[in-house]
Amino acid sequence: MYDRRVDLRSDTVTKPTPEMRRAMYEAEVGDDVYREDPTVNRLEEVGAARLGKEAGLFVTSGTQGNLIAILTHTQPGQEVILEQESHIYYYEVAGSALIGGVQLRPLQGKDGALDPAEVEASIRPDNIHYPDTGLIVLENTHNRAGGTIIPGENIEAIARIAARHNLPLHLDGARIFNAAIALGKPVVELARPFTSVMFCLSKGLGAPVGSLLVGPRDWIEKARKWRKRLGGGMRQAGILAAAGLVALEKMVDRLAEDHENARRLAEGLGNLPGLSVVPPQTNMVLVDVSATGFSAPTFVARLAQYGVLAVDMSPSKVRFVTHKDVDREDIEYALRAVEKLIKGD
Ligand code: TLP
């Protein structure tokens with residue numbers, strides 16, 4: 001069979017580090033629904049401060065964090081403006097429509113970025129026929145666009161529009177730290193234009209579970225109630241938060257290594273016949289495989305036979321994600337596997 005398993009499906013597959021496991025074992029805990037878990041309280045404080053927001057809420061997943069953000073910002077019957085390939089629109093099982101009763105208004109982006117003029121034109125004027133616009137959401141880095149970084153000026157322009165229309169602006173910042181590291185900017189700067197931000201501890205940062213929702217203190221209190229309503233009150237969750245603290249303190253700077261590995265992977269793939277590769281900005285490599293004669297699902301299935309795992313994002317596009325549990329040798333192995341697959345060895 002194959003001599004290695006290289007899992008490039010997602011950075012969600014990362015396993016907790018030994019230091020995280022130790023911190024989890026030793027974590028001081030209490031009942032977090034009573035706000036008595038010191039480790040959760042610390043994580044929420046540290047996470048909020050890191051993003052420059054007043055308060056934080058530890059949530060079970062990125063999906064739950066985004067859902068709570070939408071529920072807390074909007075009323076049923078309102079409309080939420082977002083990008084048409086965004087995670088919330090594409091992958092969150094219509095939770096906000098089902099549970100929040102909101103209508104999603106997807107706009108076409110370019111590399112994940114919305115056109116500010118189009119955002120403004122999509123905000124509903126007062127009219128008996130129209131739903132009220134309740135929220136604007138951006139995603140940075142943008143997953144389906146290939147881990148792209150949304151330019152700061154674009155975000156600022158949309159933030160000005162949101163402010164002019166008195167609308168909250170939420171960021172799905174599942175991988176906001178990847179953007180910050182790639183830009184060499186403090187994450188607080190990237191978070192500043194947003195009313196609220198969700199970011200994940202369980203992706204590139206390597207924690208086993210959890211995300212944080214951060215924003216204004218009174219808003220986070222409302223979000224806390226929504227989390228409870230959704231069954232997300234987790235009791236002795238300090239066991240999990242302890243790993244999250246290690247993720248925030250120790251795992252951010254090393255994301256640069258993942259970006260370097262993504263660049264090497266993209267460069268190697270780009271030299272192979274039939275592959276069209278988008279140069280990566282962070283830890284994702286999007287590859288159009290149609291000229292190989294394989295569909296993306298077939299390409300992924302064949303590649304798995306070499307022990308290399310990736311995901312198909314469309315009939316023609318395959319996504320590879322680098323993370324802390326793949327090293328340079330794994331990348332070279334993956335490249336050899338793709339070469340064999342294409343050359344039919
Ligand atoms: N993304 C996952 C899958 O759900 C597709 C992945 O493998 O990339 N926002 C963004 C931008 C995300 O990429 C994800 C996860 C989430 C939110 C949801 O986070 P979780 O998986 O913790 O619910």
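## Around helix α8

In this predicted model, the cover over the buried residues of α8 includes α2 (38-51), β6, α9 (187-191), β7, α11 (238-250) and α12 (255-270). The helix itself spans residues 176-183, and its buried residues are I176, F177, N178, A179 and A180. After α8 comes G184, with a positive phi near 65 degrees.

Let's turn to β7, one of the elements that cover α8. This strand runs through residues 196-200 and is mostly covered, with five of its five residues buried. S196, M198 and C200 point one way from β7, while V197 and F199 point the other way, and all are buried.

What does β7 pair with? With β6 (residues 169-172), β7 pairs in the parallel sense over three bridges, and H170 stands opposite S196. With β8 (residues 211-215), the pairing is antiparallel and has four bridges; here C200 stands opposite S211.

Now for the ligand. There are 16 residues around the ligand, and S10, T63, H87, D172 and R175 come nearest.

| Residue | Distance to a ligand oxygen atom |
|---|---|
| T63 | 2.6 Å |
| N143 | 2.8 Å |
| R175 | 2.8 Å |

Taken alone, the ligand exposes 510 Å², and the protein buries 82% of that.

Technical notes: Residues numbered from 1 in each chain as written. Predicted model: local features only at pLDDT ≥ 70, side-chain atom pairs only at ≥ 80, totals over all residues. Heavy atoms only, no water. Buried < 20%, exposed > 50% of the residue type's maximum accessible area, 1.4 Å probe, protein only. Helix = DSSP H or I, 4+ residues; strand = E, 2+ residues; numbered from the N terminus. Pairing = 2+ DSSP bridges. Contact = heavy atoms within 4.5 Å. Near = heavy atom within 4 Å. Polar contact = N/O pair within 3.5 Å; in protein donor to acceptor, adjacent residues only side chain to side chain. Areas by Shrake-Rupley, 256 points an atom, 1.4 Å probe, with all protein chains shown as cover.
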